[in-house]
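Have the structure open and follow along.

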Amino acid sequence: MSLDPQAARALLAFYLEAGADALVGEQPVDRMADAPALPAARGAQSDLDPKPARVSGAVARRLERPAPATAAAATGSAPPPPEVAVMAARQAAGSAKTLDELRALLESFRGCALHATATQLVFADGNPDGRVMFVGEAPGYEEDLSGRPFVGPSGKLLDRMMEAIGLDRASAYIANVIPWRPPGNRTPTPQETAICLPFIRRQIELADPDILVCLGQPSTQTLLGTREGITRTRGRWFKYDTGTREIRALATLHPAYLLRQPLQKRLAWRDFLAVKKALAG
Ligand code: URA
């Protein structure tokens, strides 16, 4: 099939808009050709296909299963309703005794549809024994490919900001509220955030930092429960209850925002100096 350049550009723009922004192979795959035939609805015979399609025993059993309950939501293939997924997330996160267990549970958690479009889970980077934990919003393109948070342009800036106050990935811990890249870097939906929240809260509890730094508005609003914009909340210290103790939490500007608004770096610099002072105190 050959497309004229204008139609090809329009098609690419459509793909980008839909979040398909990475090449995963050289040859197109006809996924419809692999689709298993579905059985005709019970009691209804299709005019087009009078014979019910043949399905394997396993597929038939799956199709006959009732809607997934909480336990199935943790590993089932079809995304469950959000409230079921939130319950499953709470149960799964609460059952993790270590960060490794939490990561393993997230690897197999199917309650959040973002896992299906992401390349891989982006759990954390840095030192979980560090005294400071930075939490951003969600992985982007580079993070999705590498499996590590903050490795793209905003991560490089975060590294420089940490270095300026004597921190690095050997002494600080880094994660995101959402551990899978949303397609096309779109904003995570409130449902996706609610489903991922029990996991990041448990991750903070298990890492047990002395200081939590929320990078940007989504992380600040989600973890600190604020409603104002980040320009009002940045630079303010909050109390954060990890579940086992109360720690200090600071809201600051997201490095991606600072790349777009370099003049605001002076504000972030103040915030980072406040973190340095708190660590010394
Ligand atoms: N932005 C984030 O919030 N997190 C990342 O890991 C990368 C970019």
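First, the ground rules. This is a predicted model, so local features need a pLDDT of at least 70 and side-chain atom pairs count only at pLDDT 80 or more, while totals for chains, interfaces and linings use all residues. Residues are numbered from 1 along each chain as its sequence is written, and side-chain values use heavy atoms, with hydrogens and water left out.

Let's start with strand E3, residues 172–176. Helices and strands here are DSSP runs (H or I, at least four residues, for helices; E, at least two, for strands), numbered from the N terminus. How many of the residues of E3 are buried? The count is 5 of 5, so the strand is mostly covered; buried means under 20% relative accessible area, exposed over 50%, and partly exposed in between, with a 1.4 Å probe and protein chains only. The cover is on both faces: Ala172, Ile174 and Asn176 are buried on one side, and Tyr173 and Ala175 on the other.

E3 pairs with two strands, where pairing takes at least two DSSP bridges. With E1 (residues 125–126) the sense is antiparallel, over 2 bridges, and Asp125 stands opposite Ile174. With E2 (residues 132–136) the sense is parallel, over 5 bridges, and there Met133 has Tyr173 as its bridge partner.

Ile204 is found in H10 (residues 190–207), and with a relative accessibility of 0% it counts as buried.

**Around the ligand**

Which residues surround the ligand? They are Gly136, Glu137, Ala138, Pro139, Glu143, Pro149, Phe150, Ser154, Asn176 and His254, each with a heavy atom within 4 Å of it.

Some polar atoms come with distances. A nitrogen atom of the ligand is 2.8 Å from an N or O atom in the Asn176 side chain. Phe150 uses its backbone instead, with an N or O atom 2.9 Å from a ligand oxygen. His254 places a polar side-chain atom 2.8 Å from an oxygen atom of the ligand. Taken alone, the ligand exposes 240 Å², and the protein buries 91% of that; these accessible areas come from the Shrake-Rupley method with a 1.4 Å probe, and for residues only the protein chains shown count as cover.

**Charged pairs**

Side chains of opposite charge can pair when their charged atoms come close. The rule used here asks for a side-chain nitrogen of Lys or Arg within 4 Å of a carboxyl oxygen of Asp or Glu. By that rule there are 10 salt bridges, including these:

| Salt bridge | Closest N and O atoms |
|---|---|
| Asp210 and Arg131 | 2.7 Å |
| Arg202 and Glu205 | 3.1 Å |
| Arg236 and Glu228 | 3.6 Å |

Why does the Asp210 and Arg131 pair tie together parts that are apart in sequence? Asp210 lies in the loop between H10 and strand E4 (211–215) and Arg131 in the loop between E1 and E2, so the pair links parts 79 residues apart. Asp210 is partly exposed at 28% relative accessible area, and Arg131 is partly exposed at 38%.

Arg202 and Glu205 are both in helix H10, 3 residues apart, so about one helical turn separates them. Arg202 is buried, at 15%.

In the remaining table pair, Arg236 counts as partly exposed at 35% and Glu228 as partly exposed at 33%. Elsewhere, salt bridges with shared partners join Asp125, Arg148, Asp159 and Arg169 into one network.

Arg181 lies in the loop between E3 and H10 and is buried, at 7%. Its side chain makes a polar contact of 2.8 Å with that of Asn185; such a contact is a pair of N or O atoms within 3.5 Å, and within protein one must be able to donate a hydrogen and the other to accept it, with residues adjacent in sequence counting only if both atoms are side-chain atoms.

**A nonpolar patch**

Finally, the surface. Leu3, Leu11, Leu12, Phe14 and Tyr15 form a nonpolar patch, with about 500 Å² of accessible area together. Patches take residues with over 30% relative accessible area and no salt bridge, joining like charges within 9 Å and nonpolar side chains (Val, Leu, Ile, Met, Phe, Trp, Tyr) within 5 Å. Leu3 lies in the segment before helix H1 (5–17), and is partly exposed at 45%.
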